[in-house]
Structure formats: C-alpha cells, structure tokens
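Keep the structure open beside you as you read.

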Amino acid sequence: MIIINIKQLLLGFSLLLSTLSYASANDKVSITDGFIKPTIPGSTVTAAYMTINNLTDNTITLQKVTGDISSNIEIHEHTMSDGMMRMREVEHIQISAHNKAVLQPSGLHLMFFAVKQQITEQDTIPLTLYFSDQSTVNIQLPVRR
Ligand SMILES: [Cu+2]
C-alpha cells in the first residue's frame, strides 16, 4: 500500500515550481510568486508582493518581516477613501487554515523604507518572515518591475 502525505506532496510540488517561479517553504507555510520592485534612482522606497500559503489546520498570522536591505519594513494595505487610493500600515496578516494571502499591487504588500542600497533587476533580496506560531520562513526574492 502506498501512503501519500498530501502536505509533503504539495510542498514538493511548490518547491518543484520554484524553478519556474519563486517559492520557499517551511512545513507550515509556503511562499510563492514573490518579487520585489527595483528602486527608482534617487528613491529609497520600494514594495514586495507574494502569495503566502497556510499549509496547517490552524490560522496563522504573519507578524513581521525583516531583511538586511531595510530596518523599516512594514505590512501595508491599500484602501479607497474619498475616491483616492491610500495605503496604511496593518499590524499583521491573518491566514485561515489551508488558505492563502495574496500580496499584490493595489492590495496587501510589504513596504520598504530607507532601503540601504539600490535594488536592480540582477539582485536577489533575502528576507525573513515571522509567524505567530514562532515559525519563520527565509525567502530570496527576485527583482521584477
Ligand atoms: Cu505601502
């Protein structure tokens, strides 16, 4: 009899996909479709996007993100108010069991302030994601416009 661990299978599948698009994972969370935008010359602000997949039976919460590139990385969301698109910091992102959070332009995103070096399309930017269950995921984001 062959016993297939679905979670391992999904994880293996998402890691396999990483040769095509960016993916990283621990046994609880996988990160797919991640990228960070290059900095515009003269600017020290940029944003990153990704899909965070909760592989567990419990709600998990992304609490913070760190990286050498900036000591000021915030989780942001876009909202419409008075017909204007605005963004504001949110404390965390909750992801329910076996669900995902999609960080994308005009929605949730990571915002980087006082970026320490210019980010160009040849770079790969390492970040660490911290979750409420004390788990972390190290990711390497490609740079894409
Ligand atoms: Cu923002």
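## Asp133 and Lys28

Asp133 is partly exposed, with 27% relative accessible area, and Lys28 is partly exposed too, at 28%. For these labels, buried means under 20% relative accessible area, exposed means over 50%, and partly exposed lies in between (1.4 Å probe, protein chains only). The two side chains meet in a salt bridge, 3.4 Å from N to O. That pair links distant parts of the chain, 105 residues apart: Asp133 sits in the loop between S10 and S11, and Lys28 in the loop between S1 and S2.

This is a predicted model, where local features need pLDDT of at least 70, side-chain atom pairs count only at pLDDT 80 or more, and totals for chains, interfaces and linings use all residues. Residues are numbered from 1 along each chain as its sequence is written, and side-chain values use heavy atoms, leaving out hydrogens and water.

## The other salt bridges

The count comes to 3 salt bridges, each being a side-chain nitrogen of Lys or Arg within 4 Å of a carboxyl oxygen of Asp or Glu. Arg145 and Glu121 form one of them, at 3.2 Å from N to O. Arg145 is in the segment after S11, and Glu121 is in the loop between S9 and S10, 24 residues apart. Arg145 is exposed at 69%, whereas Glu121 is partly exposed at 42%.

## The sheet

Four strands form an open antiparallel sheet in the order S7-S4-S10-S11. Strands here are DSSP runs (E, at least two residues), numbered from the N terminus, and two strands pair if DSSP finds at least two bridges between them. S4 (residues 60–66) and S10 (residues 124–131) pair over 4 bridges, with Leu62 opposite Phe131 in S10.
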